[in-house]
Each structure stands twice: as C-alpha cells, then as structure tokens.
Amino acid sequence: MATAAPDPGAAQPDAVPVSPSPGANLMAVTFRIRRFDPEAAAEAFWQDFRVEIDPKERVLDALHSIKGEQDGSLTFRRSCAHGICGSDAMRINGRNRLACKALVKDLSPQRPVVVEPLKGLTVLKDLVVDMEPFFQAYRDMLPFLVTSGNEPTRERLQSPAQRARFDDTTKCILCAACTSSCPVFWNDGQYFGPAAIVGAHRFIFDSRDEAGERRLEILNDNHGVWRCRTIFNCTDACPRGIQVTKAIQEVKQALVTRRL
Ligand code: SF4
Ligand code: FES
C-alpha cells in the first residue's frame, strides 16, 4: 500500500507481501522512494511503500513487488538481476549500489529504506537517469582494441603477467555507480569520470593495443584525469570491487612518465 507524503507520526499502511519462499520470516519494511514524472509534475517527491518481505531478499525484489502489487507506474531499470548487466545502480540509503545485490537485511530495515536515482545524471523518471553523457565519455576513450598492420594469422599472444596488468579493469559492467558518486562529476558534468578512465585503463595497459598514447592525450584534457581529487568514493561504490582510484592513479602516472 502506498502513501504519498511521509508523516513520521502517522500510522503505517498495511504492508503488501513479496511472494515468500517456504519458511521465510517476513518483515514489514517501508521503502521510501524518490518519485518523478515530468509529464505529471515539475517537482520530484518522496513516496512510502510498505512491503512484507523476507529480509534476505533484495531491494530489486521489493521494487518488483511494489510495481506489480501497488503502483505499476514505478519506473526503474533492471535486466539480469544478478549483478552482471549494471542496469539497476541506484542510491540506496545514501550509497550507490546495485538493487539486485543489496540485501534488505543489510539496510537497517527497521527504519525506512531510502531509494533514489543516481546523482549527477538527469532524472528521466523515478529511478531512471539519462545515461547518455556517461556512455559518451566511455565511447570517447576508444574502448576497443586498436591495432595496425595485417590481420594476424593466429591469436595475439600475451603472457600471464601482461594480462594481469589490466585484469582488474576488465571487470567493469558500466553501471555508473562510481562516476555518479564522484563530487567532481556532480560539479562538472564534462569530467570524463571514473568509469571512463577505468575503460581507458583496460586498453592503455593492454600489450596488444596501439592507441595508448591517444587515450592518454584525451585524458590529459581539462576534463580529464587531473580533475580527480583522489576522494575514493568511486572505489567504495564499485559493486565489482574494482580498485578504481588505483586505476586512475596508474593512468596519471603513465601520463607523467609516458611509460605504459
Ligand atoms: S568501475 Fe565499477 S562502479 Fe564504475 S562503472 Fe565499472 S563496475 Fe560500475
Ligand atoms: S539487474 Fe543486472 S546488475 Fe542488477
């Protein structure tokens, strides 16, 4: 059951259950969700939904329940539901997370669980933001292998050590949790942002690639890698555990030494 304006003193409406698995211990949890529909109103607002849910379930399960049982207009992105596609990054209790990996029991569910869209990107509707500037910054990094000369007649060989050099940054799922947690990006939407630098790192340090210098020049720009203030928000936010700040530091170092 949904309520439009949260009133701490008011009686809570009945909670609607998520289909429980046998033996589940259900708990009534309030999800406080930031709503915005540009076709209905100019301003965003908060709306509370009560859901009876096994605390071992995920925020994504609660969002599905709310959409299916209480308000079909609730809008959010999701696809794989298993932490792979990167489409359901959102701000949950003030921190960027994937809704499909955030367990309700880890979110102090005795209090309302607060769910908002990512910061720093234009909100299109409810929890959906415009990802185009984020993807454009990624495309600017030439996120593909660049080589010259004839096609090889066999695979391009690489030693385990050469492969390990960029292993961490291959894990990126382009969820934008890092970039949208960065205060520099909040204040300068032109800053390429941590995820684009991670994407560049993945190829700059690939021994088979020949465009490392070009990518370094792009990142030497005013809105490039030097805008990073080493705040570590990006590393804390990354659901893949990528050492984002370390990757940014390595790119800075490569720019200074010009050694890849
Ligand atoms: S580096 Fe991590 S947080 Fe940033 S886009 Fe990639 S997976 Fe998401
Ligand atoms: S739905 Fe794919 S990462 Fe969460």
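This is a predicted model: local features need pLDDT of at least 70, side-chain atom pairs count only at pLDDT 80 or more; totals for chains, interfaces and linings use all residues.
1. Domains. The domain assignment of the protein gives two units, domain 1 (2–129) and domain 2 (132–257). Their C-alpha centres are 32 Å apart. Where the two meet, 13 residues of domain 1 and 14 residues of domain 2 take part in the contact. On the domain 1 side, strand S6 (residues 95–98) is the main contributor, giving three residues. That side of domain 1 divides by class into six nonpolar, four polar and three charged residues.

2. Core. The largest nonpolar core holds 62 residues, and Phe31, Val59, Ile197 and Val251 have the most contacts inside it. Helix H5 (residues 194–204) supplies the largest share of this core, seven residues. Both domains contribute: at least three residues come from each of domain 1 (2–129) and domain 2 (132–257). As general background, nonpolar side chains in soluble globular proteins tend to be buried together.

3. Val59. Which residues does Val59 touch, not counting those up to four places away in sequence? They are Ile92, Ala99, Ala102, Val104, Val113 and Val115. Val59 is also one of the residues with the most contacts inside the largest nonpolar core.

4. Ligand 1. There are 16 residues around ligand 1, and those that come nearest are Cys172, Cys175, Cys178, Ala195 and Cys238. By class, the shell has 14 nonpolar residues, one polar and one charged. Helix H5 gives the most to this shell, with three residues; H5 is also the source of the largest share of the core described in point 2.

5. Helix H2. Within helix H2 (residues 132–140), Phe134, Ala137 and Tyr138 are buried. These residues lie on the same side of H2 because they cover an arc of only 100° around the axis. The background to this is that an α-helix has 3.6 residues a turn, so residues three or four places apart point the same way. The other side of H2 carries the exposed residues Glu132, Gln136 and Arg139. H5 is included in what covers the buried residues of H2. After H2 comes Leu142, with a positive phi near 50°.

6. Asn93. In the loop between strand S5 (89–92) and S6 sits Asn93. Its phi is near 50°, which is positive in a residue other than glycine. Is Asn93 exposed or partly exposed? Asn93 counts as partly exposed, because it has 18 C-beta neighbours inside 10 Å.

7. Ser108. The loop between S6 and strand S7 (113–116) contains Ser108. Ser108 is another residue other than glycine with a positive phi, near 50°. With 10 other C-beta atoms within 10 Å, Ser108 is exposed, since the cut-off for exposed is 12 or fewer.

8. Thr230. The position of Thr230 is in the loop between helix H6 (212–219) and helix H7 (233–237). Thr230 is exposed, because it has 10 other C-beta atoms within 10 Å. How far apart are Thr230 and Cys182 in sequence and in space? The pair is separated by 48 residues in sequence and by 9.8 Å in space, C-alpha to C-alpha.

Definitions and conventions. Residues are numbered from 1 along each chain as its sequence is written. Chains are lettered from A and ligands numbered from 1 in the order in which they are written. A nonpolar core is a set of buried Ala, Val, Leu, Ile, Met, Phe, Trp, Tyr and Cys residues joined through C-beta atoms within 7 Å. A residue is buried if 20 or more other C-beta atoms lie within 10 Å of its own, exposed if 12 or fewer, and partly exposed in between; C-beta atoms are placed from the backbone. Helices (H or I, at least four residues) and strands (E, at least two) are DSSP runs, numbered from the N terminus. Domain bounds come from an automatic or database domain assignment. Two residues are in contact if their C-beta atoms, placed from the backbone, lie within 7 Å. A residue is near a molecule or strand if its C-beta atom, placed from the backbone, lies within 6 Å of it. Ala, Val, Leu, Ile, Met, Phe, Trp, Tyr, Cys and Pro count as nonpolar, Asp, Glu, Lys and Arg as charged, and the others, Gly among them, as polar. The arc is that of the directions from the helix axis to the C-beta atoms.
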